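Subject: Structure handover

Hello,

Here is the structure we talked about handing over. Please have it open while you read the notes that follow.

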Amino acid sequence: ELRELLQIYARNMYALDWVWCQSVESRHGMECAMEHNCAAWERFTRTEALRIRNFLELPELPGLDGLHKALSLRFSALAHPSVDVIRGDDEVVYRVNECRVQSARRAKGMPYHPCAPAGLVEHAGFASVIDPRIVTRQISCYPNVTDSSCACCWRFTLETSE
């Protein structure tokens, strides 16, 4: 029951994000909506990451193992119908297989939301709070789709000093 309640709250967060962004989009256009969306995600994601980092009692530089644990607890990991957090030898991949926002826009006959700029702000901001050495790269995110089998996909690696 607690997991179900957490998923409900996580979906509610996405609904709130979608509703306010749509409000700005309808009144001022997508460019303005994206500007505000990026600003909101920049602030929110750092707060989310810090709270998860503290909850997990991660060390100062937890590396990719710490990020892997933290990503699994993000509200976005709980909100979407299908998310994979994959730990490789020298990377973590965060893959949203089905996105609630894009699915809802498609169902309403709306164009897809150009999430890539806000997605980079969100994912890079989260990762840098967990460990500032982590580098975030977009693999695929609308409108820069390189993998049509998912909604978006992000790769995290640890920057090494060489």
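In which hand does helix 2 pass helix 6? The crossing of helix 2 past helix 6 is right-handed (a crossing is right-handed if the near helix is turned clockwise from the far one by less than a right angle, left-handed if anticlockwise). Helices here (H or I, at least four residues) and strands (E, at least two) are DSSP runs, numbered from the N terminus.

Before the rest, the basis. This is a predicted model, in which local features need pLDDT of at least 70 and side-chain atom pairs count only at pLDDT 80 or more, while totals for chains, interfaces and linings use all residues. Residues are numbered from 1 along each chain as its sequence is written, and side-chain values use heavy atoms, with hydrogens and water left out.

Helix pairs

Two packed helices are described by the angle between their axes and the distance between the axes. Helix 2 and helix 6 pack at about 25°, with axes 8 Å apart (axes are lines fitted to C-alpha atoms, for helices over the stretch in contact, and angles run from 0 to 180 degrees between N-to-C directions). The two are therefore roughly parallel (angles under 35 degrees count as roughly parallel, over 145 as roughly antiparallel, 65 to 115 as roughly perpendicular and the rest as oblique). Residues of helix 2 in this contact include Trp-41, Glu-48 and Arg-53, and those of helix 6 include Val-121, Phe-126 and Ile-130 (contact means heavy atoms within 4.5 Å). By class, the contact of helix 2 with helix 6 has 12 nonpolar, four polar and five charged residues (Ala, Val, Leu, Ile, Met, Phe, Trp, Tyr, Cys and Pro count as nonpolar, Asp, Glu, Lys and Arg as charged, and the others, Gly among them, as polar).

Helix 3 packs against helix 6 at about 125°, with the axes 9 Å apart, and the pair is therefore oblique. This crossing is right-handed. Gly-66, Leu-67, Ala-70 and Leu-71 of helix 3 meet Phe-126, Ala-127 and Ile-130 of helix 6. That contact holds six nonpolar residues, one polar and no charged ones.

Core

The largest nonpolar core has 34 residues, and among those with the most contacts inside it are Leu-67, Phe-126 and Phe-156 (such a core is a set of buried Ala, Val, Leu, Ile, Met, Phe, Trp, Tyr and Cys residues joined through side-chain atoms within 4.5 Å; buried means under 20% relative accessible area, exposed over 50%, partly exposed in between, with a 1.4 Å probe and protein chains only). Helix 6 gives the largest share, six residues. Beyond four places in sequence, Phe-156 touches residues including Leu-67, Leu-71, Tyr-94 and Ala-127.

Single residues

Glu-48, in helix 2, counts as buried because its relative accessibility is 9%.

Cys-99 is in the loop between strand 2 and helix 5 and is buried at 12%. Cys-99 and His-80 are 19 residues apart in sequence and 5.7 Å apart C-alpha to C-alpha.

Most residues other than glycine have a negative phi, and most peptide bonds are trans. Glu-57, in the loop between helix 2 and helix 3, has a positive phi near 55° and is exposed at 69%. The peptide bond joining Tyr-142 and Pro-143 is cis, with omega about 10°. Pro-143 lies in the loop between strand 3 and strand 4.

Regards
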